[in-house]
Amino acid sequence: MVNKITALYCRLSNDDDLQGESNSITNQKAILLKYAEDNRFPNPQFYIDDGYSGTNFQRPDFMRMITDMENGKIGTIITKDLSRLGRDYLKTGEYIELIFPDYDIRYIAINDNVDTAKSENEMMVFRNVFNDFYAKDTSKKVRAVFKAKGLLGKPLATLPPYGYVKSEQDKNIWLVDEEAAAVVKRIFKLCIDGNGPLRIAKMLTEENILKPTAYWQFKSNGTIPDDKPYRWSARTVADILEKIEYVGHTANFKTRRKSYKNKKKVKNDKTDWAIFENTHEPIIKQKDFDLVQELRQNKRRIQKNGEISPFSGVVFCADCGSKMYLCRSQSLTSEQEHLKCSHYAKFQDECSAHYIRTAVLKEIVLTEINKLLDNVHNNEDDFLKTAVEVSAAVRFAELKKARKTLGQSEKRIAELDKLFTRLYEDNVAGKISDERFQLMSKGYEDEQRKLKQAVAEISDFIYNNEQKRADVEKFLDIIRSRTRVTELTPEVMHEFIEKIVVYAPDKSSGHRQQKIDIVYRFKAATATIVADRQEYSKKRKAA
């Protein structure tokens, strides 16, 4: 044992900082070194984890100490008290009772009078339980403060999203970082133009634009990390495209931890988010953000020539509802390129082989968009009146009823929260048994869960109805910004059109006629066209 290390282990978490100097690393080192010297323990060596929770046993220096122990280098481990070793009573007990003895390690916790070389350790189990309870209680209090802050609309993120910086006067206020914001705007613009996250990431990488983590490091200390600072990933781009914070809103409670012992983050459902609107300056317009979210739901395939078809992810088969994909090859001219039902290619007995040429569809869509522009510019008031189809009286009655139900449900949820608190206090005080507590709390939890689900559905109904006129106004803003469309690009297509439905051709008249439905964005308008192949062939020859 003379040649082996005496490991003096120190640990300090952020919560321990609140208790003052008594648990500081400096104080722990002084106590441990004096104890080792007074008791003539050989070869003292410090292992220090500063800023790590006692419920986490993957601490860097703790793992280094365990590795040295497994390699036979350590004879004794000393801590100031049991809580420095850990605050999980199961894991701490496992190390002291099983793992340390297996490697002939003597463990000493000075302030708790624990020494495994002696037999006076009867209270150790209870102390470990109390340390575990302390960690649980602290975690509960931290979560309560965290929740209160989040419900007030203050951002909970340690760092603001790429494109923002914290104000020096108030850390809860985000300011636009113009340099990074320009990159964010470009990412959204590239997506609207038809590029996916992988393609955008390659563009940014080729242009040697610092990725977010490297950019933050450069802004904080002026250095650029050596580990691929310009290598953007598709996941990073996708995360930026999904952040609602870029339209000026704060979204709290997007993630949670499973428990105070399991620090792994899991994503919350969007219905559990707390969103506070207009809390900071937006980088992206709401209409552009909404457009990108819809585009992200439909994958757009890049052709071998590097182009993206404006119809990618937008055209659907009327018979089976499947997407129609572009058929393009070197053997086909631009006039022969066409869209075909994707379902028919796999299951020929379940749909027909109908198709439509892209040249014809482009001409139809361009014609209809320009018709719509002329119509709205000349009769904007009539268009607005027609677009808002739902009767004002009916909508008012439905909304009134929904708001009343919503108020009652939210009131009952608040009452259940109070009942939970009283029930817990009665159980702790011994007024009701554990079995009764479990039975009653389960009933309350079931009722609250159903109410919350109903509240979410009612809130969506109210929001959708109140947004109907706002959606039409957004569509009008797009139309007002244009006078005429001369080229059908992915951006134009997705600005105006939500989807196009293509029907099977009808040849009963002797000509190939095909019905097409165009559904404009925000459901503000629809158009049904019957395309005649002969008619369009004559038009194209004349042109």
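Author: Strand β14 (residues 338–341) is joined to β13 by four bridges, and the two run antiparallel. Strands (E, at least two residues) and helices (H or I, at least four) are DSSP runs numbered from the N terminus, and two strands pair if DSSP finds at least two bridges between them. The model is a predicted one, in which local features need pLDDT of at least 70, side-chain atom pairs count only at pLDDT 80 or more, and totals for chains, interfaces and linings use all residues. Residues are numbered from 1 along each chain as its sequence is written, and side-chain values use heavy atoms, leaving out hydrogens and water.

Within this pairing, Cys-327 stands opposite His-338 of β14. The two strands belong to an open sheet of three strands, ordered β13-β14-β15, with antiparallel pairing. Its edges are β13 (324–327) and β15 (355–357), each of which pairs on one side only. Neighbouring strands of the sheet are turned by 25° against each other on average, direction ignored. Across β13, β14 and β15 lies helix α12 (residues 358–378), at about 75° to β15; axes are lines fitted to C-alpha atoms, for helices over the stretch in contact (heavy atoms within 4.5 Å), with angles from 0 to 180 degrees between N-to-C directions.

Parallel pairing is found elsewhere, between β1 and strand β2 (residues 44–50), over seven bridges. There, Arg-11 stands opposite Asp-49 in β2. Four bridges also join β1 to β3 (residues 74–79), again in parallel, and Ile-5 stands opposite Ile-74 in β3.
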